[in-house]
Amino acid sequence: MTKITDHIKAANGKPIFSIEVIPPLKGDNLKSLLDNIEPLMEFKPPFVDVTYHREEYIERPLPDGTIQKIVTRKRPGTVGICSAIMHRFGVDPVPHVLCGGFTREETEDFLIDLHYLGIDNALVLRGDPAKPFSTFKAKENGYTYASELVEQVANMNRGIYLHEEDTALAPSNFCIGVAAYPEKHFEAADHDIDFQYLKHKVDKGADYIVTQMFFDNQKYFDFVERCRQAGITVPIIPGLKPLSTRKQLQILPKLFHLAMPDDLVRAVEACENDQQARQVGVEWCVQQCRELMAAGAPVLHFYTMGKADNVMKIAREVF
């Protein structure tokens with residue numbers, strides 16, 4: 001397997017196409033996910049990100065009037081999907097590795113499984129709060145911050161494992177990615193503090209950065225410039241999602257704390273149906289891609305959310 005940073009170097013300045021997919025709901029068929037990925041292989045993505053979804057808490061009323069609390073994972077299967085992608089398409093899978101919902105020991109076991117499969121890339125994230133809660137809380141003996149998890153992975157790359165201080169162990173070989181927010185993480189007090197956390201992740205061992213989605217390229221350009229001024233030199237990959245419904249004008253800003261450009265808002269509001277809005281989203285993203293490519297973005301990384309048709313249209317226009 002090849003590291004993400006090596007893929008970028010091998011491209012010699014030519015932008016790379018890549019995608020992120022989500023595991024199907026528990027009980028669904030993996031075939032539909034792989035069938036959605038397959039047409040996108042036309043554009044030769046060297047890697048595919050696979051998200052990981054932490055546990056959720058649900059309450060079920062019992063006949064005696066009490067409430068049963070249940071812990072469930074609705075989208076398990078990240079490791080299996082990574083293996084399937086690797087063997088079916090011959091591309092590098094990039095599993096997400098989360099702080100939320102895992103102890104340090106469980107994380108180490110998860111990373112060892114990836115290492116044994118020959119998966120040498122990992123996107124390291126804090127993760128979202130467990131549903132239905134609104135604030136993040138680490139599992140006992142888990143991590144509160146992504147920088148702590150980055151340090152654990154970086155230590156494994158040096159042959160340093162948990163509770164094995166006096167034993168010489170073979171190192172892993174992970175290329176470590178982290179997330180960033182061009183428009184500021186919603187929990188950060190201000191941009192300066194947000195940058196301090198990002199710089200800390202890089203200092204702990206992150207090899208590259210992937211941004212949250214954005215619809216105004218200037219947000220990305222300003223973010224990259226500020227990173228470089230702060231001494232952050234690792235590749236910064238822009239994350240992109242074409243708008244696909246009229247409702248997303250309201251949903252996406254609330255969920256991801258991002259701004260919608262006025263021109264995009266007016267164009268979508270003029271649409272009579274979601275089919276027209278989807279086409280506007282494609283055209284807007286095509287222009288984003290062309291501008292990002294001209295500016296030297298190393299990768300165009302698409303959040304597909306399980307749908308491939310609009311990403312296909314965009315990729316055919318720009319790759």
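The structure is a predicted model, in which local features need pLDDT of at least 70, side-chain atom pairs count only at pLDDT 80 or more, and totals for chains, interfaces and linings use all residues. Residues are numbered from 1 along each chain as its sequence is written, and side-chain values use heavy atoms, with hydrogens and water left out.

Side chains of opposite charge can pair when their charged atoms come close. The structure holds 14 salt bridges, each being a side-chain nitrogen of Lys or Arg within 4 Å of a carboxyl oxygen of Asp or Glu. One of them joins Lys-31 to Asp-35, with an N to O distance of 2.6 Å. Both residues belong to helix α2 (residues 30–37), and because they are four residues apart there, about one helical turn separates them. Helices here are DSSP runs of H or I with at least four residues, strands are runs of E with at least two, and both are numbered from the N terminus. Asp-35 is partly exposed, at 30% relative accessibility; buried means under 20% relative accessible area, exposed over 50%, and partly exposed in between, using a 1.4 Å probe and protein chains only. Lys-31 and Asp-35 also take part in a network of salt bridges with Glu-38 and Arg-88.

In the pair formed by Arg-316 and Glu-42, the closest N and O atoms are 3.4 Å apart. Arg-316 sits in helix α11 (residues 309–318) and Glu-42 in the loop between α2 and β2, so this pair ties together parts that are 274 residues apart in sequence. Arg-316 is exposed, at 52%, whereas Glu-42 is partly exposed, at 44%. Glu-151 and Lys-204 form a further salt bridge, with 3.4 Å between the closest N and O atoms. Glu-151 is partly exposed at 33%, and Lys-204 is partly exposed at 27%.

Glu-55 lies in the loop between β2 (47–50) and β3 (56–61) and is buried, with 7% relative accessibility. Its side chain makes a polar contact of 2.8 Å with that of Arg-54 and another of 3.3 Å with that of Tyr-57. A polar contact is a pair of N or O atoms within 3.5 Å; within protein, one must be able to donate a hydrogen and the other to accept it, and residues adjacent in sequence count only if both atoms are side-chain atoms. Beyond its neighbours within four places in sequence, Glu-55 has contacts (heavy atoms within 4.5 Å) with residues including Val-71, Arg-73, Gly-100 and Lys-131.

Lys-131 brings the backbone into view. The peptide bond from Lys-131 to Pro-132 is cis, with omega near 10 degrees, and Pro-132 is found in the loop between β6 (121–125) and α5. Lys-44, although not a glycine, has a positive phi of about 55 degrees. Lys-44 lies in the loop between α2 and β2 and is exposed, at 68% relative accessibility. His-257 likewise has a positive phi of about 55 degrees without being a glycine; this residue is in the loop between α8 (248–256) and α9 (262–269) and is partly exposed, at 36%.
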